[in-house]
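Have the structure open as you read.

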Amino acid sequence: MSENRVVVIGGGLAGLASTMKLTELGVHVDLISLTPVKRSHSVCAQGGINSCNDQTRQLGDNEWKHMDDTVYGGDFLNHQPPVKEMAYWAPKVIDLMDRLGVPFNRTGEGFIDRRRFGGTLYKRTAFAGATTGQQLLYALDEQVRRREAEGMVRKFEFWDFCGLIQDDAGRCRGAIAQDMVSMKFQAFPADAVVVATGGCGLVYGRSTMSVFCTGSAAARCFKAGAKYGNGEFIQVHPTAIPGADKLRLMSESARGEGGRVWVPRTPQDPRAPKAIPENERFYFLEERYPKYGNLVPRDIATREIFDICVNEGLSVESDRQCVYLDLTHIPRQELDRKLGGILEIYEKFQGVDPRDEPMKIFPAVHYSMGGLWADYVKSADGGLEPGAPRNHMTNIDGLYAMGECDYHYHGANRLGANSLLSCIFTGLFTGPSIVNHINSHSGAGYKNVPQSDIDAAMKREQDRHDHLLAGTPGSDENPYLIHQELGDLMTRVATVVRRNDQLTDALEKVDELHKRAMRVSLSDTGTWTNQNVIFAKSVQDMFPIAKAILKGAFLRDECRGAHYKPEFEKPSLTAEDPVERRRQAEEWCDAFEENNRKYLKSTIATWNEATMQPEITYEDVDTSLIPPRPRLYGLVGAEDIEKVWKERAAALANQGKPTVDMLAHA
Amino acid sequence: MIALEPSAKKRPEFINVRVRRQDAPDKEPYWELHKIRYETEMNVISVLQRIAAQAKTKDGKKVNPVAWDCGCLEEVCGSCTMVINGKVRQSCSAIVDRLLVDNPDEIVLEPMTKFPVIRDLVVDRQRLFNSLKRVKAWVPVDSYYDMGAGERQLMAQQEQNYPLSQCMSCGCCLEACPQFNKIELTKKQGETDEAFEARKKAAYDESFIGAHAISQAMLFNNHPTGKSLATERVEALMEPGGVQACGNAQNCVAVCPKEIPLTTSIARAGRAATVRAIKRWFE
C-alpha cells in the first residue's frame, strides 16, 4: 500500500480513537489540536460510559433496549441505523477500553462495576471513579503517543485549524492550520480530513465546556459549505455549580449513586439544610416521576429544576437560583470510592464538603446534540455498513465529522454516558470507511494536491489574519465584550425555555453583534503567540453557529427533547369521566401524529455567505427500526395515552407494518 | 462560594495583580501591575479574563493582553499551571478570596520557572510529554479489534492504579523538584525544524525524567498487560536522568494538586531498579 495521510482535527476521544484506528490500518495521521491532546475537553466527562452487560442481560436487557432507550430519550430525532450500530458495539468498546488499561471501578470479585444513569432502568454505566472521560482519554492518548513514537503520527499541538483545502470539484484535499506560537500558517495536504472538534458551548459564554469548545472548527466547515444539522438541540445539564468563569459540571452519577434533588417546602427556608425535617422537604423529581425518580432524562430534570426556581419561587437562595443535590445520606467511604473526583471539585471551588452538606446546583449549557451533517450507509440488518466510504462523511467529499461535532446519535436529547460511547465508537468504526475512501481516489492522494488549490487556501487564511491585525479604522469593538454579549443573549433566549418573540428579537440582535464582530479592533497586533487574534477569529466564527441555533429554534414550533416551547406544549389529560378521557387521549395521539409528520425531521442549515445567514431546510429522520411513540415521562394521563397508542400500533401491525414489540423480539 | 470565607467581611473594591511578563523567549522578563474590580466568586482565571478584556495597566497604559494557558477550568486538564504568590498550582482552583486572606495587597502571577517561557505565563511543556515516551507509558495491546474483555482485576488493584492514573501532566511536581532543571535550547541559524526537534529530544532524554513519569511507569508495570514492558520501563529508569537522579526532597508529593502518592511510586521504582540491577549481575 502506498503511503496515505489523513489530517485529524481535534484530539478528544473521537479524534484520538480515529487516529488510533487509522494508524493501525497503516495510515499516517497529522493530528491538529488547539491544546496538547491530553488536555482536550473529554477530560471533563465524569459519570461513565454505557453498554448492556452480563449483569443487565440477565435482567432482560440487550443492545436493542439500549438503542430503544437512546432514541426514546432523544425523542426519536436520532438516526436509528447509527444508533443501532453504536449500541451493538458498546460492549466491545468497553472491552477494548478495559484492555487499554482504563482503571474502571471493580466489583468485589473483580468485574467491571456498573451504575445507573438517567433515562434507563438498567445499570449499564461503567465508570472510573468520577473522572471516566479523563481516564478514557488518557488511555487513547497513550496509544496515540505509542503510534507517535513509531512515527505514524505527527502531532501539531497549539495549532488552530483555519479552513479546508478544496479542489475544483469541491473535494476536500487537506487543511490549513496556524501555529499559535509563531503565528505561521501551514498547509496540510491530505487524503481525507476528519473533524472531531466537539461542541460549541462557548457560544453561550459560560457553560460546562472547556475554553476550546468554541465551535469554530465546525463553523469553518459550515462556512465552506458543509451542512449543519439540528443546531437548535443544545443540552442543558440539570446539575452544575455556578461560577464566574465557568459553570462546573456536577455529574449525573451523583444521582446515579443515590443523590436526591430537593428544595425546602417553605420558600428560602433560612434553616441549615440538615435541620429541615424530611416532611418539610420537597423531593420534586421523585414525587412527579415515581418510576425514574431523580434519574429522568436530562431535559426533563433541567426543566423541573428551572421551573421550581423560576416559576414556583422555591429556589434555596433568594438572590440566585439553585436547588439542593443531596448525597449526605450515603456513607463517606462509598462516596469517596465512586464519586471522589467530582466531590473534590465541589469542595475546592465552593469550600463546602458535599459529604456533610447538600450541594447547591443549577442547570447549565452542556452538550450540542446537533453538529455537522454527516452521511451513513445503512446495512441489511438496519445498522451501518462497515467500511462504506460514506459513513460519517459530510456533504463535502473527503471531509468526515465525528464525535460531539456530528449530529446523528443523540436526537433531541442525549442520555447520560452515551457521549463517551458515541465519540469512541465513531472514531473506531470509521477507520475502514476512510481507508476505502482513500483507495477509491488512488492516484489523487495527498502528494498530488494541485498547488493552486493549496495556494488559494493559504492566501485566504493569511488575508483574513492580516485584515484582523490591520483593524478597522475608527472601530474599537472588543472581541471579549462581544463574546460576553453574545453569551448572555444566547443563554437568555435559547436554553431551557424558548419563545418565538424572544427568538425573533435575538436573531436581529445577533446579526447586529455579528456585524460588530467583523470589525473588531485587537489590543494585540503582534506576530508572536497572539491569543487575541485567535480568540477574535473564533468569536467571529461563533456567529454562523449561533444563528443556526436561533433560526432552527425559531422555526421549530413544537416541544421535542431539549427544545421546549411552552406555547406548543401538549396538554395533560384533564377529564375524569372515562369516555371523555378516552376521547382526549385519542385527540392527544392525533395531535402527536400530526406534529410528527411536520416536525419529526432533521433541521439542516446551510450557510449563505452573501446574506450572512443560514438557510434552513428539513430532512427525514430514519426511524425504520423503532416507530416513534409518545414520550410520556410523568405526564398526567400517560396510561390512557399509552393505551390508545398501543392499540394504534397493534392495528398497524395487523396491516403488516413493524412495531416496537415485533422488532424487539425479532 | 460565599461559604469560603464567611469571616472576611471587608471586601476590597479593587484587586492589584502583579504579573511577570515576557514578550518572547529571547526577550527580558518585566513586571507589570494591573488593577481590576473585585467580584465575588473569582478565581485567577477570571482575573486574567478581566485583564485580557481591559488590556490596560494600573496606570492606564494600553498594553497587550497577558497570554496564559487554560482549558477545563475545573482542575482536570492540567493546562493552567503557574506560580501564584510564589506557589506552583493550577490557576483555575486558585480562589481569589483565599489568596486575599494570605496577601490582601496583591496577587502575584509568574510563569513556571523550569520550562522555557513562550510568552508571559505560557510555557513550553513538551519535555514533560517526552518523558512519557521514555518509559513507554502505554499498554502494548496487539490490536484495537474486539478481542473480548481484559483480565479481571481486584478492587484493591484498581484502587492502587486509579490515583496514579489521575496524573494530568500539569508539571507542578517538576517545578517543585530541585533535581529538575530548565532546559532551554534555541534554534540555530539554518537548522531545520526536524533537526531542532531532534536536538531538543536528545537533551530531554538525558535529563531528569521527573516524578510524574516515574509514577506512570509504576502504573503500567502494575497492569496485567502493561507489565509485559516492565523490564524495559525499569531499565529506562536506570539510565542517566532516571530514578537514581531523584534527591528525595519530596517536594513533588507536597505540590501535586491531585495528591498522587508520587514518592511511593519513586520508592517502588527505586526498588525495582535495584532488583533489576542484581538480576543483570547474574545474567
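What covers the buried residues of α3(A)? Among the elements that do so are β3 (49–50) and α4 (80–99) of chain A. Please keep in mind throughout that this is a predicted model.

**An enclosed helix in chain A**

Helix α3 of chain A runs over residues 63–73, and nine of its eleven residues are buried, so this helix is largely enclosed by the rest of the structure. The buried set consists of A:Lys65, A:His66, A:Met67, A:Asp68, A:Asp69, A:Thr70, A:Val71, A:Tyr72 and A:Gly73. After the helix comes A:Asp75, with a positive phi near 55°.

The axes of α3(A) and α4(A) come within 8 Å and cross at roughly 135°, which makes α3(A) oblique to α4(A). The crossing is right-handed. On the α3(A) side, the contact involves A:Glu63, A:His66, A:Met67, A:Thr70 and A:Val71, while α4(A) brings A:Gln80, A:Val83, A:Lys84, A:Ala87, A:Tyr88 and A:Ala90. Sorted by class, this contact holds six nonpolar, three polar and two charged residues.

**Two further helix pairs**

How do α14(A) and α15(A) lie relative to each other, parallel or antiparallel? Helix α14 spans residues 479–493 of chain A and helix α15 spans residues 500–517; they pack at an angle of about 170°, with axes 11 Å apart. The two are therefore roughly antiparallel. From α14(A), the residues that meet the partner helix are A:Pro479, A:Ile482, A:Glu485, A:Leu486, A:Leu489 and A:Val493; in α15(A) they are A:Gln502, A:Leu503, A:Ala506, A:Lys509, A:Val510, A:Leu513, A:Arg516 and A:Ala517. The class count for this contact is ten nonpolar, one polar and three charged.

In chain B, α3(B) packs against helix α7 (residues 211–221) at an angle of about 30°, and their axes are 9 Å apart. That makes α3(B) roughly parallel to α7(B), and the crossing is right-handed. B:Leu128, B:Ser131, B:Leu132 and B:Arg134 represent α3(B) in the contact, and B:His212, B:Ala213 and B:Gln216 represent α7(B). Here the classes come to three nonpolar, three polar and one charged.

| Helix pair | Angle between axes | Axis separation |
|---|---|---|
| α3(A) and α4(A) | roughly 135° | within 8 Å |
| α14(A) and α15(A) | about 170° | 11 Å |
| α3(B) and α7(B) | about 30° | 9 Å |

Zooming out, chain A has 19 helices and 21 strands. Its radius of gyration is 25 Å, close to the 26 Å that the globule rule gives for 666 residues, so chain A is as compact as a globular protein of that length. The C-alpha atoms of chain A occupy a box of roughly 75 × 60 × 55 Å along the principal axes. Of its 666 residues, 58% count as buried. Among contacts in chain A with a separation of 6 or more, 74% come from residues 24 or more positions apart.

Chain B has ten helices and seven strands, and its C-alpha trace spans about 70 × 55 × 40 Å along its principal axes. Buried residues make up 47% of its 283 residues. For contacts in chain B between residues at least 6 apart in sequence, 69% join residues at least 24 apart.

**Where the chains meet**

How many residues of chain B are in contact with chain A? There are 58 of them, and they touch 60 residues of chain A. On chain B, α1 (44–54), β6 (117–119), α3 (126–134) and α4 (155–165) each supply at least two residues of that side. This side of chain B has 30 nonpolar, 20 polar and eight charged residues.

**Two loop residues with positive phi**

A:Phe158 is not a glycine, yet its phi is positive, near 65°. A:Phe158 sits in the loop between β6 (153–157) and β7 (159–166) of chain A. With 22 other C-beta atoms within 10 Å, A:Phe158 is buried.

B:Asn85 also has a positive phi, of about 45°, without being a glycine. Its loop lies between β3 (81–84) and β4 (87–90) of chain B. B:Asn85 is partly exposed, having 16 other C-beta atoms within 10 Å.

Note on methods. Residues numbered from 1 in each chain as written. Chains lettered and ligands numbered in written order. Predicted model: local features only at pLDDT ≥ 70, side-chain atom pairs only at ≥ 80, totals over all residues. Contact = placed C-beta atoms within 7 Å. Helix = DSSP H or I, 4+ residues; strand = E, 2+ residues; numbered from the N terminus. Nonpolar A, V, L, I, M, F, W, Y, C, P; charged D, E, K, R; others polar. Rg over C-alpha atoms; globule rule 2.2 N^0.38 Å. Buried ≥ 20, exposed ≤ 12 C-beta atoms within 10 Å, placed from the backbone. Axes fitted to C-alpha atoms, helices over the stretch in contact; angles between N-to-C directions. Parallel < 35°, antiparallel > 145°, perpendicular 65-115°, else oblique. Left-handed = near helix turned anticlockwise from the far one by under 90°.
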